[in-house]
Amino acid sequence: MGERADKLKQVRLKTPVSEEDLKSLEIGSVVFLDGLIYTAREGVYEKILNKGETPPVDFTQMTNINFHCAPAAAQNDDGSYNVGAVTATASFRFAKYLKRWFEETGTKVVLGKGGMSQQHYNELFVPAGAVYLTTVGYGTGALLGRGIKSVEAVNWLDELGIAQAMWILRVENFGPLLVESDIHGNSLFERNNAEVNARVESLYEGLRPPALRRYGETRDKTDELI
Amino acid sequence: MIKADAIEQAANQIMSNAAIDIPEDYESGIRDMINIEKGDLSAFVLEAMLENWQAARDDRRPMCADSGLPRYYVKAGNNAQIEGGFVELEHRVRRATAQATHDIPLRPNRVHPISRQDNNNNVGMNAPEIEYSFEPDVDWLDITTVHKGGLFGTDYRMLFPGDGIDGIKRFFLDVLLAFGKRGLACQPAIVGVGLGGSKDTSMVLGKQAACLRPVGSRHPDPEIASLEDELKKLGNKTGLGAMGFQGTSTVVDCQIEVGYTHTGGMPMSVHCFCLSSRRATARLHANGEVAYRTDPKWFTPYMRRNTVGWDGGAALAGAAE
């Protein structure tokens, strides 16, 4: 890690992450993981939550970290897997699944990209006692790929394809990740956005207004362009 | 004669070079940004990226798992002869795409837009895209691959002459603010701007500016070059750093390409080429020699000509690129 990383708090967490560890996480801390994590996104959520299919594993017995990810991977001729790079996909698209997902799987950590909205933290994460970790960059795919020690299982690979299948991964020193939201719903992104938003007006100061209004900038279809 | 086997081999090689090796111009641009970045979180993110690129080089693994939508830019010398012609070239490039997707491995990102069916090889209908340009008086063939992600960081707007430079700045800021928050543009980005042409031309020029010009290059027209400087500076004033954390690291460089446009309009596009700015080029010579590089050298004086005929580029001689 570089010299700027030394200015940040660093934590190493074992999975499943204990309640005590969850409580102690502070936004902006750097996290590395050891243990099992699983990938699930819309393909898996649809299957289990909306089509009622039986989960291939007992999540409560396995791990409580859901990684929003699609690895760059290929199957070798002997049936094993070659996982090259691993990066997260944008999580906010999956908010509609998470209430039931937390209830049914006991997931306590969502690991992904971009975080969730403050409303989703308040309504989904805080009641579930869950936190959000974000990958860094985005795109530290090689570093995260290095942190994967083995592929324990891949479920629904044929049906869902490499990107949407449910991968169960054993990881070691897997990171860096950042605590984006703590169990109280404090959010690093929301805090940074608020600071940027406060100065937005001044950025546009002195620029003359657009010559015409344009399609796509209003939802009111009775608006005219002129 | 440039052999079809050589084309396939070079296409395979640039797929791997692009996926694994960050171009030196981009990496050195990011090192410069770290030195002036005051935001610790933003600087930490950039340091992690440096470490990531090193890990990719050491392990020969892709730098990012979202290996984007692999595509190609082919520049053919006017005197180049290709074994089997361009149909064979396209066949070999498609085959290399499928092979490299498995071997590197890349993520098979290409799916049918409605059924979401995946051929698992990044090949499909109208994919990968292959764009062509030509170069007078030479007999080589340049093949460039670009692996760019596709969800966030690009937008298009029809501006009007009355919008002027202010309108350009306004839309530039709109895009960076919309996609820079939470780092969705995966910034700091090479921000490409397409100005003019038709709507589609402005999109194509902006995309090519972002993906095919190295950090530090400048448009040969001094007015456009100074607008590139100005937009770069403006884009780093939004307060957004890497991942949208407080900072000054959003635009590692701004590249603008212009095309003559409708007298009543000024179409503009903005494209962010991300923290994994993946591009690699091979030049194939008729004698079998192949040379690899990271600067596609796509926008030649011939491509940017402003005349009916071609006078050998005398008017642009001594230009920055």
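Reader: What makes S4(B) and strand S7 (residues 266–273) of chain B a pair?
Author: Two strands pair if DSSP finds at least two bridges between them; S4(B) and S7(B) have 6 bridges, in the antiparallel sense, so they meet the rule. In S7(B), Met266(B) is the bridge partner of Leu159(B). This is a predicted model, where local features need pLDDT of at least 70, side-chain atom pairs count only at pLDDT 80 or more, and totals for chains, interfaces and linings use all residues. Residues are numbered from 1 along each chain as its sequence is written, while chains are lettered from A and ligands numbered from 1 in the order in which they are written.

Reader: Why are S4 and S6 of chain B called edge strands?
Author: Strand S4 (154–159) and strand S6 (251–259) of chain B each pair on one side only. The open sheet of chain B has 4 strands, in the order S4-S7-S5-S6, with mixed pairing.

Reader: How do you know that the span of helix H3 of chain B agrees with its number of residues?
Author: Helices (H or I, at least four residues) and strands (E, at least two) are DSSP runs, numbered from the N terminus. The expected span is 1.5 Å times one less than the number of residues. With 20 residues (40–59), H3(B) should span 28 Å, and its end C-alpha atoms are 28 Å apart, so the two agree. Just after H3(B), Arg60(B) has a positive phi of about 50 degrees.

Reader: What makes residues of domain 1 and domain 2 of chain B count as in contact?
Author: Their C-beta atoms, placed from the backbone, must lie within 7 Å. By that rule, 5 residues of domain 1 of chain B are in contact with 5 residues of domain 2 of chain B. Strand S3 (residues 141–148) of chain B gives the largest share of the domain 1 side, 3 residues.

Conventions. Two residues are in contact if their C-beta atoms, placed from the backbone, lie within 7 Å.
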